[in-house]
Amino acid sequence: MASLKDLRNRIASVKATQKITKAMQMVAAAKLRRAQEAAEAARPYSERMGAVLANITQAIGGGGDAPALMTGTGRDDVHLLIVCTAERGLCGGFNSQIARLARDHIRRLLADGKQVKIICVGKKGFDILRRDYASLILERIDLREVKTLGFVNADAIARKVIHLFNEGGFDICTLFYSQFKSVISQIPTAQQIIPAAQASTAAATGNGATAVYEYEPEPGEILSDLIPRNIAVQIFRALLENAAGEMGAKMSAMDNATRNAGDMINRLSITYNRQRQAQITKELIEIISGAEAL
Amino acid sequence: MAEAFKFELVSPERLLVSEQVESVVIPGAEGEMTMMAQHAPVMTTIKPGVVTVKAAGGKEDRYVVFGGFADILPSGCTLLAESAVHVNDIDRADLARRIQDAREDAADAKDDVARSRAEQFLSQLTTLEGALLPA
């Protein structure tokens, strides 16, 4: 049985921890709001981009002048995985969920005899994947220094990826990130970005698809400019969703931790009080039995 | 007063402008063009330059954009800028840094195509800087 002093120390330390987790929760809540705003502000761009892309794809009609980034290399031997995770831990299962999805994917690809390359964005995913697939990791992109996520960050990643593609480094590129559904639910997602999925074509038939556009310069030229930018936009969106998701996960993880600490303090206080009372009783008995003996 | 149409200026970070305007001057890749209502559908890339927006109320605003696309329809115009700022908020150090980057790109270019592209981009940037300095 721990002594009263030990118990007191224990309670003090749990209280200190509770204060920390409480503060972290509040910081995460504030950051979450900002991250959510950023993600929402970025949405119009990617939506419009999707519409424009769909229009122009239709205009070209999948003809021969579509760039390779769109049509792919025609093979699927080498896969590039971009795994976006958070830079910091203490956010529940957020990072490990993304990493698990990526790991399952890698295992399946390797079993099929494909070649796999990995680019890690964020430290935590790198730490997890390094254990099993260190030899497959090409690069680790560090965004820890970045205060507010800008388009330039995503653009730099996209540029690297496109450069690699043009050198024939891979055939298919898949982006792993966590989709921000709500504060308590983030869904790990795998999205193929190269070759650009054809799904966007269907969306075009909405408004502008009937209009006959004039193109300046040629559609092919616009497209070859548009596709790399679209990849950057996709990555940017993934990073923003991730940032919001990380904060959401951190908030709920820290909320849990605060509550756990509270429970622990309650339990410890009861033990402490009980023990103190026991000691008082014991002392009283000693005095009384001493007096009776006289 | 001229007919108004819907103009939207979006950068990846946020939606900058979304309002009814009278006319917009955009720096198209093959020359500046002024857009008014009922313009024929055009899709064009834009080069670094200044976008002048004349709002329906007659107020004029200028934005600096660094490349992007314009999607023009009779009913409205959407400008997808790679990066856009209001002319009053332009950061000269940032512009100088971009020019420096472009200069390095031009110097590092491996083949002629890449070099000419980088140099073209550089000249567009310096023109832009020249246009902004007195402002």
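Modeller: Let us start with residues 199-209 of chain A, where pLDDT stays under 50, although the model has 19 contacts beyond four places in sequence for them. This is a predicted model, and pLDDT is the predictor's confidence in each residue, from 0 to 100.

Colleague: Where in chain A is confidence lowest, and where is it highest?

Modeller: The lowest mean, 44, belongs to helix 6 (residues 200-204) of chain A, whereas helix 3 (residues 94-111) of chain A has the highest, at 92. For chain A the mean pLDDT is 86, with 93% of its residues at 70 or more.

Colleague: Why is A:K147 called exposed?

Modeller: A residue is exposed if 12 or fewer other C-beta atoms lie within 10 Å of its own; A:K147 has 6 such neighbours, and therefore counts as exposed. A:K147 lies in the loop between strand 3 (137-141) and helix 5 (151-166) of chain A.

Colleague: What makes strand 6 of chain A and strand 4 of chain B a pair?

Modeller: Two strands pair if DSSP finds at least two bridges between them, and strand 6 of chain A and strand 4 (residues 42-46) of chain B have three, in the parallel sense. Within this pairing, A:Y215 stands opposite B:M43.

Colleague: How many residues are in contact between chain A and chain B?

Modeller: In chain A 23 residues are in contact with 21 residues of chain B. Helix 1 of chain A gives the most to the side of chain A that touches chain B, namely eight residues, and the residues of that side divide into 17 nonpolar, two polar and four charged.

Notes:
Residues numbered from 1 in each chain as written. Chains lettered and ligands numbered in written order. Predicted model: local features only at pLDDT ≥ 70, side-chain atom pairs only at ≥ 80, totals over all residues. Contact = placed C-beta atoms within 7 Å. Helix = DSSP H or I, 4+ residues; strand = E, 2+ residues; numbered from the N terminus. Nonpolar A, V, L, I, M, F, W, Y, C, P; charged D, E, K, R; others polar. Buried ≥ 20, exposed ≤ 12 C-beta atoms within 10 Å, placed from the backbone.
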